[in-house]
Amino acid sequence: MISLRRAVIALTAIALTATATASCGSTGDSDSADTSGPVVSPSAAQGPAEPVTLPASASGRTAVFSHGPRNKRDKTVALTFDADMTADQGGRAAGGERFDNPGLIATLRREKVPATIFITGMWARTYSYQARAISRSPLFEVANHSYSHHAFTGSCYGLPTLDPGQQRAEVEKGFEALRKAGVADPLPYFRFPGGCYDDRALRAIAPTHVTAVQWDVMSGDPFNSDADSVVEQVLDEVRPGSVVLMHCTLSAAPATAEAVKRIVPELRERGYRFVKVSDLIATSVG
Ligand SMILES: [Zn+2]
């Protein structure tokens with residue numbers, strides 16, 4: 001996991017700081033918000049609104065969002081869960097392997113924890129009832145994690161690689177599968193499989209008008225049955241405005257629900273409130 005973490009740290013380090021399009025028009029350099037006064041999310045102040053996205057750069061690269069304002073007076077954190085499923089795992093799911101995690105979703109509901117779930121098209125097809133139910137809960141928002149969970153760069157944790165010419169279609173196909181599963185309004189946010197992207201990928205998907213969403217806290221839940229280590233890693237690394245990466249698939253992340261049960265009360269005790277990624281982005285540009 002060490003090398004995986006280093007890779008992600010490197011990726012987030014090169015994440016672009018994007019300029020916001022919101023009508024109030026300030027920039028999105030969230031680190032600068034450290035000591036500012038309380039930030040009110042536009043959606044909280046004005047009721048339901050269109051999700052805020054970040055515009056592509058002048059050179060045509062999709063904007064990348066990694067964390068919200070580091071506001072110590074209003075400590076927010078967004079838990080995000082990737083519902084991974086690659087094209088070749090359909091047969092395994094048919095054979096009984098669980099790529100979903102209903103216990104995790106039930107835990108989030110019970111604890112009333114807002115969360116953003118990035119769902120692959122394959123997962124939405126396989127677990128369409130769950131995708132629909134998640135999207136209909138006001139606690140949750142659903143965004144796009146590609147259709148097939150193939151990589152957008154040449155080397156990405158052994159995932160099969162997409163040709164650059166297929167990348168835009170992967171994002172569009174992901175949205176299509178979500179809508180077909182009954183997710184009426186998937187958020188215009190996209191998480192690259194494995195978090196792997198480069199300039200070419202950012203340009204290739206720009207016509208889809210998504211905001212790419214990375215993270216600044218990696219929970220280490222993939223292929224980890226030790227909830228203690230997931231809890232420890234999240235609690236060590238979380239800061240105000242953090243986006244935490246976790247997974248919603250029993251097959252590859254079996255300890256996540258247990259870890260969440262312990263992370264949530266501890267962070268609340270430390271004064272954090274849980275928000276969705278859309279809230280963090282809105283606050284960043286507000
Ligand atoms: Zn993934």
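**Basis.** I worked with a predicted model, in which local features need pLDDT of at least 70, side-chain atom pairs count only at pLDDT 80 or more, and totals for chains, interfaces and linings use all residues. Residues are numbered from 1 along each chain as its sequence is written.

**Helix H6.** I took helices (H or I, at least four residues) and strands (E, at least two) as DSSP runs, numbered from the N terminus. I then asked which residues of H6 (128-136) are buried. They are Gln130, Ala131, Ile134 and Ser135; buried means 20 or more other C-beta atoms within 10 Å of a residue's own, exposed 12 or fewer, with C-beta atoms placed from the backbone. Seen down the axis of H6, these buried residues fall within an arc of 130 degrees (taken from the directions from the helix axis to the C-beta atoms), so they line one face of the helix. On the face turned away from the buried side I found the exposed residues Tyr129 and Arg136. The buried residues pack against several elements, among them helix H4 (102-110) and helix H7 (164-180); contact requires C-beta atoms, placed from the backbone, within 7 Å.

**Strand E8.** I noted that 6 of the 6 residues of E8 (242-247) are buried, so the strand is largely enclosed by the rest of the structure. Ser242, Val244 and Met246 cover one side, and Val243, Leu245 and His247 the other.

**Partners of E8.** Strands pair if DSSP finds at least two bridges between them. I found E2 (76-83) parallel to E8 over 6 bridges, with Ala78 opposite Val243. E7 (217-218) also runs parallel to E8, joined by 2 bridges; Val217 has Val244 as its bridge partner.

How values were computed. Contact = placed C-beta atoms within 7 Å.
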